[in-house]
Amino acid sequence: MIPHSLLSPRPALHRRRAGLPWLIALSLLPPAPSARGALSWDTLVFDRVAALGAPSEDFTFHFRNAGSAPVRIVAVQTSCGCTTAALAKEIYAPGESGDLRVTYRFGGQVGAQEKTVTVTTSDAPDAPTVLVLHVQIPELFTISPRLLWWSVGDAPVEKQADVAVNPAVKTAVTLAAAPDPGITARLVARQDGHDFVLILQPASTKEVLRARVDLRIVPEGFPAQLVSVYALVR
Amino acid sequence: MPWSASPGPLRRGARQAAALLLLAALPAGLTGWLHPRRPAWPGADEILPQISLADALTLARNRPVLWADARRPEAFAADHIPGAINVTEADWERSLAGFVGAWRPGQPVVVYCAGDSCDTSRSVATRLRRDLKVTDVYVLKGGWEAWLRLHP
Amino acid sequence: MAAPAPLGPLLHAGARWALAAVLLYAGGAKILDPAGFVAAVGNYQLVPAAVAYGIGLLVPWLEIGCAAALLARPWRLGGWLLAFLLGAGFAVFVGSAWLRGLDIACGCFGGAAQAPVTAGAALRTLLYPAVAAAGFWYEPQRSAGKAAAAGLPP
């Protein structure tokens, strides 16, 4: 089948215009880009959910020198002091493999966390490789907000904090003791059977007040915790 | 003129381009889900507002600002921005008590760590927003290093 | 200026193949390192992170699809138009970086390739949409549509 473009009659004006601009356009197409870094990484991103109560998580980034020259790992920098990285050695011959072992110590961190490890190599000092850790650190409970406040002169209405408990763990939540004077506290269980609502109300908002209410939280299989919720009249 | 005002080719081209866009969506989604070098999902802390030291100081001239030092207690003890409180996730309950003691409702908070390469300031700022539902929280661009450049 | 009659369509086809080759290469290079490309898009500081994420994942496949469309006869119009849109979008990014004096890797052929944003790169980037627009302008496929609408054989 003869291509349509060669058969169709073209208007004379069209024919005259076609040549030179195309030549210019084609001659200015860009040259090939520069080479990529020599280290080939098995994976650049880890997505994990940590075990409940675990203090840290270990990751291993496996890499291989896919280039034709030895590569020296010049620098490894983590985004957080909580994340440490270790290498067996600095220089890798062509074809040689290695492991970058990363340990992420959670500290008090919770929830969705992203930490990065930036690896700079001798073959591409201006283009470091960024390794990413996505870790979901499960919590035994969350209380939000931890601080309820009223302005002096506001109506002393009730305000609430939501106590959400990890549904996988049977948890007992109680008011630890009578709250500080000047504030009343009620702990109400929610319909779903594991969450609570803490309702606080100041006796009066005529004066500045700083009060604390302690909750005793006992998750099954984990140590009991005393957690404070604060009330401010300012 | 090779091209009259007919909308035919443009509409056909546009329809085809739209089809190509839809066709690209599936491999794009699979790439984001399965590719070993897939990009990080843009997390909520991307919307965390950053503030330069100059802007923070300007802000502090009009309203009192609470400086939150997210570095380790040893670094904080050695030196910190005057008036700053130490807020770390490792010692969150105690940091929270200190925060409640120092913060006035409505007061903007500026969190800093060592510099731009640490992300503890972002982590602490996110936690403050989450646990306290405080909205006026900023991360200091340049961190403690920026302060030192201004006050050597 | 007068050009010999067969040269026009030949150059047109040549430009089509060349653009398809460049798009295939560019798309392929980006697919090898999606994270790098998303980072490169983010470095331009033109769009929010979520948009950069979407652009970063979609564009490489759009480029490959566009290359295929340019080489498949029924899809040529869409191919030219998409190539123009991709090229114009890219020109906006690279041009804005050059105007703002940003010192970032171009990301033209994937994130890791070190092609800094120079005046040359910015100008070169204007070329893609120009070639694509010209390709669409002179695409004989359009006459097929008009001829069919008029009831004439293509």
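Start where two chains meet: 29 residues of chain C are in contact with 26 residues of chain B, where contact means that C-beta atoms, placed from the backbone, lie within 7 Å. This is a predicted model, in which local features need pLDDT of at least 70, side-chain atom pairs count only at pLDDT 80 or more, and totals for chains, interfaces and linings use all residues. Residues are numbered from 1 along each chain as its sequence is written, while chains are lettered from A and ligands numbered from 1 in the order in which they are written.

**Where chain C touches chain B**

- On the chain C side, the elements giving two or more residues are helix 2 (34-43), helix 3, helix 4 (76-100), helix 5 (119-137) and helix 6 (141-150). Helices here are DSSP runs of H or I with at least four residues, strands are runs of E with at least two, and both are numbered from the N terminus.
- Helix 3 of chain C gives the most to that side, with 11 residues.
- Sorted by class, the side of chain C that touches chain B has 22 nonpolar, 4 polar and 3 charged residues. Nonpolar covers Ala, Val, Leu, Ile, Met, Phe, Trp, Tyr, Cys and Pro, charged covers Asp, Glu, Lys and Arg, and the others, Gly among them, are polar.

**Helix 3 of chain C and helix 1 of chain B**

- The axes of helix 1 (residues 8-34) of chain B and helix 3 of chain C come within 8 Å and cross at roughly 135 degrees. Axes are lines fitted to C-alpha atoms, for helices over the stretch in contact, with angles from 0 to 180 degrees between N-to-C directions.
- That makes the pair oblique; under 35 degrees would be roughly parallel, over 145 roughly antiparallel, 65 to 115 roughly perpendicular, and the rest is oblique.
- Residues of helix 1 of chain B, including Leu20(B), Ala24(B) and Thr31(B), meet residues of helix 3 of chain C, among them Leu58(C), Trp61(C) and Cys66(C).
- The residues of this contact between helix 1 of chain B and helix 3 of chain C divide into 13 nonpolar, 4 polar and no charged.

**Helix 3 and helix 1 inside chain C**

- Helix 1 (residues 7-32) and helix 3 (residues 49-71) of chain C have axes that come within 8 Å and cross at roughly 155 degrees.
- These two helices of chain C are therefore roughly antiparallel to each other, and helix 1 passes helix 3 in a left-handed crossing.
- The contact of helix 1 of chain C with helix 3 of chain C has 14 nonpolar, 2 polar and 3 charged residues.

**Chain B on its own**

- Chain B has 6 helices and 5 strands, running α-β-α-β-α-β-α-β-α-β-α from the N terminus on.
- Its mean pLDDT (the predictor's confidence in each residue, from 0 to 100) is 87, and 92% of its residues reach 70 or more.
- Of the 152 residues of chain B, 36% count as buried.

- Most residues other than glycine have a negative phi, and most peptide bonds are trans.
- Lys133(B) has a positive phi of about 55 degrees although it is not a glycine, and sits in the loop between helix 5 (120-132) and strand 5 (137-140) of chain B.
- With 13 C-beta neighbours inside 10 Å, Lys133(B) counts as partly exposed; 20 or more other C-beta atoms within 10 Å would be buried, 12 or fewer exposed, with C-beta atoms placed from the backbone.
- The peptide bond from Ser144(A) to Pro145(A) is cis, with omega near -5 degrees.

Conventions:
A crossing is left-handed if the near helix is turned anticlockwise from the far one by less than a right angle, and right-handed if clockwise.
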